[in-house]
Amino acid sequence: MSEVSLVSRFDALLADLDGVVYAGPHAIPGAIESLTQLSGLGIGLGYVTNNASRSPAEVAAHLRELGAPAEDNQVVSSSQAAADLLASLLAPGSRILITGSPALAREIELVGLVPVGSQEEEPVAVVQGFNPAIGWKDLAEATYVVNAGALWVATNTDMSIPQARGIAPGNGTLVAAVAAATGQQPRVAGKPEAPLFHSAAKRLGAERPLVVGDRLDTDILGGNNAGFATVAVLTGVDTRETILAARAAERPDYVIGSLTDLHRPYPDVTHDDGTYTCGNATARVANGAVGIIGSKDNLDSWRAACAAWWAATPDAATAKAPKLAWLDH
């Protein structure tokens, strides 16, 4: 086992928010303390969020209320990425239909474009971001404009978001409604595309950032797309089982229970003649199943299982859960 903590191998942490730092209005246990420790280690901290319903300043203020270290410029949002994308494609002063929040409209204004609220104002593009107040009329307006031939950009396509009461529909479900009505697909600005992560690393001057997230399809895929190391945390959407089953592009380099584990040594995974060992657990693939010697409750068992299964299926284009055969110590 490596003696240094996992996070000390890197010069910055790029953290997702929902399901990593907080769930709904409340901080996840141990998260604030874990983030606060980073500055004492000389490790940079950036927050990379697909949530387009609030401005980076509002997100930073919320983080500070929870006790987390957060300056406004430490938050990089998919709203900013969407605004940058539109500004690169359209002339200054172009009108953009906002299917989203006032925070999204502000980001559009900041890049020299003009937010509008209806098809009658002749927008040349639609930008769609999450807003819990969005209703049928808003989605209908977006559909009219997209069907008329306008450019369509989505801040993100997260299908679900963790809330205090459980998992709720995310922006992706609202984007899917417009896609179903138009037969078209938007350009996506935020995760899992790489620019959001590159922008965050650049702000921090980081050369070896570690991306931490709870979702394989946005956080981990996005970090992998950016060429950065990735760590999946089990406090949000994805689980031990879904991580094990992940397709190749969405596999993390590390798996931890919570942010607290960032400050602990990460066990090495070794292999010998097809048997993968992590801590006291071992795993081996035979006949399409994974045999595991270890406890289901011990994360090392799952780390060994992931290493074995992923080595056996290195090019998996779709998620596939193997059969598991458990043999406790």
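This is a predicted model: local features need pLDDT of at least 70, side-chain atom pairs count only at pLDDT 80 or more; totals for chains, interfaces and linings use all residues.
I started with the neighbours of Ser79: leaving out residues up to four places away in sequence, Ser79 touches Ala52, Leu104, Glu107 and Thr155.

Next I checked where Ser79 sits, and found it in helix 3, which covers residues 78–89. Buried or exposed, I wondered about Ser79? The relative accessible area comes out at 1%, and the cut-off for buried is under 20%, so Ser79 counts as buried.

Pro192 came up for its peptide bond. The link from Lys191 to Pro192 is cis, and its omega is near 15°. I placed Pro192 in the loop that runs between strand 12 (187–188) and helix 7 (195–204).

Glu122 came up for its phi. I read a positive value, near 55°, and Glu122 is not a glycine. Its place is the loop between strand 7 (114–116) and strand 8 (125–128). I also looked up how open Glu122 is: the relative accessible area is 63%, and exposed means over 50%, so Glu122 goes down as exposed.

Asn287 was my last stop. What is the phi of Asn287? I got about 55°, positive again for a residue that is not a glycine. I found Asn287 in the loop between strand 18 (281–286) and strand 19 (289–293). With a relative accessible area of 84%, Asn287 is exposed.

Technical notes:
Residues are numbered from 1 along each chain as its sequence is written. Side-chain values use heavy atoms; hydrogens and water are left out. Helices (H or I, at least four residues) and strands (E, at least two) are DSSP runs, numbered from the N terminus. Buried means under 20% relative accessible area, exposed over 50%, partly exposed in between (1.4 Å probe, protein chains only). Contact means heavy atoms within 4.5 Å.
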